[in-house]
Amino acid sequence: QNNTNTTIVNVDDINRKITAKKCMEIARLAYDSGRTRSLKFRKTQLKNLERMYAETQEEMVEALRKDLKKPRQESYMSEIDIVQNDLRNLLFNFDKYTKPEYPNRDQTQLFDTPMIYKEPYGVVLIIGAWNYPFLVTVLPIAGAIAAGNCIIIKPSEIAPASAQYICRNLPKYLDKECYQVYSGGVAETSDLLKEKFDYIFFTGSTSIGKIIQSAAAKNLTPTTLELGGKCPVYIDETVNMELTTKRIIWGKCLNLGQTCVGPDYILCSEKTQDEFVSWTKRILGEFYGDNLKNSPDLARIATNRHFNRLISLLNNCNIALGGQVHPNERFISPTIVTNVKLTDPIMQDEIFGPILPIITIKSKEEAVSVINSKEKPLALYVFSNNSTTVDYILNATSSGGVIVNDVVVHVTCDNLPFGGVGDSGIGVYHGRKSFDTFTHRKSVLKRNFCPVSEMLYRLRYPPYSDRKTRI
Ligand code: NAD
């Protein structure tokens, strides 16, 4: 297994010997051939993707085990089931999503047919991240196929086994020219970004998101940026503390904290903090047994760089629970940090690991002021049984999404558009929104040559007159 962030999937293994430019030429020709315009073709490709998921699940589980030691059940819950559900939804609603829409006529359109025609953008670039390497790569692929685009896919080099799976299997199941995989790292992504795409869909960090956005701006290419950030958790004193702790700890330990919507830090009273720490002790034991490192249900940190970054965050911290580190396995036990100040290093950037700082606050107003002092998060979690408190926080803050009394699970709701706001991203997908994201909604107005309608239309022609203006 490779530990650095510069590892490139062995291109010879997957027979990729072409340049980004050549890849683009092939995709352009494929798009111009018009085959992705055919609804039947798109449906077949989606069904093939479904078949790939059905036939190669074990390969995916194995790749995720190699890259992240991701537990089997987590692989199913967060990488396989969500994508299969989304594919089912896209196929089930395919005719509804793809057919033109007919808005109501206004009074100037009595003889016209106004319509919204669903047009693919063309050739789209999908750049994936490593933490959920199938979810964040295949989910947008499904939306882009349904919408009729050709795609160049760049999986993350930091999850090499998963990237190899994608390189190996996508061409077996999908049209090889319309949907190409271009693997590699920063250099390869930079080469791709020199090409003029019709849409770019990026999942990754906010800092790289800015690089992608400025490369896209050179060609006025529209983008979706699915980014990260610090997702806050607010807990008041009206909650069931056992269940609250259980849900937060589950969400925090998922993929060993390497989850874009994972709880990043907690805001609560001192009393709640004490209860949370003592419940966490019990719940970690229930979930993972006495020896956390030996539990098959905890993943590993993906790279040495991330492992060292996380360890350095623990310097000079007050560790209330956990804090054991095992460099050989890149394992850090779930760790709670208390006495945290907003100016501490741990409160500056997304933690992206199993470390959970708690900041004590005295009121919901103070919690809101902490949340609003940071960039807009991808998700905000409010634990309260008081609807006035919940409404207050919903109104006073801005975030990509919110869950009341749970964490993370909104990602699985295909009726809820998923995405960030501000620094946590631009645009949404999942469910119907995956189709909409990759679709240009072309406004079309159909007119006829009927003499009766011409009576209405002719008023616009010169010579102009006061009488015509008044009508
Ligand atoms: P990253 O930004 O380092 O990398 C993402 C992709 O960008 C990779 O494919 C990589 O090859 C490419 N890349 C990296 N550096 C580049 C450069 N200088 N120029 C061009 N391309 C470059 O992100 P990551 O470490 O893979 O993923 C973790 C981040 O992704 C976290 O911030 C997490 O919150 C976020 N994330 C967000 C979502 C979401 O749905 N919003 C999902 C998963 C992860």
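What radius of gyration would a compact globule with 471 residues have, and what does the protein chain have? The globule would come out near 23 Å, and the chain has 25 Å, which agrees. Keep in mind that this is a predicted model.

**Stop one: the whole chain.** Show it as a cartoon and you'll be looking at 17 helices and 17 strands. Of the 471 residues, 46% count as buried.

**Stop two: helix α4.** Select residues 72–92, and you have the 21 residues of α4. From first C-alpha to last, α4 reaches 28 Å, close to the 30 Å expected. Now look along the helix to Ile80, where α4 bends by about 35°. Ile80 is also one of the buried residues of α4, which include Ile82, Val83, Leu87 and Leu90. In an α-helix there are 3.6 residues a turn, so residues three or four places apart point the same way.

What do the buried residues of α4 pack against? Colour α2 (39–55), α3 (57–68), α5 (94–98), α6 (135–146) and α15 (432–437), and you'll have the partners in view.

**Stop three: the ligand.** Select the 29 residues around the ligand; Thr189, Gly204, Ile208, Gly228 and Cys260 come nearest. Which helix gives the most to this shell? That's α8, with three residues. Finally, colour the shell by type: you'll get 13 nonpolar, 12 polar and four charged residues.

Technical notes. Residues numbered from 1 in each chain as written. Predicted model: local features only at pLDDT ≥ 70, side-chain atom pairs only at ≥ 80, totals over all residues. Helix = DSSP H or I, 4+ residues; strand = E, 2+ residues; numbered from the N terminus. Expected span 1.5 Å × (residues − 1). Bend = angle between axes of the 7 residues up to and from the residue. Buried ≥ 20, exposed ≤ 12 C-beta atoms within 10 Å, placed from the backbone. Contact = placed C-beta atoms within 7 Å. Rg over C-alpha atoms; globule rule 2.2 N^0.38 Å. Near = placed C-beta within 6 Å. Nonpolar A, V, L, I, M, F, W, Y, C, P; charged D, E, K, R; others polar.
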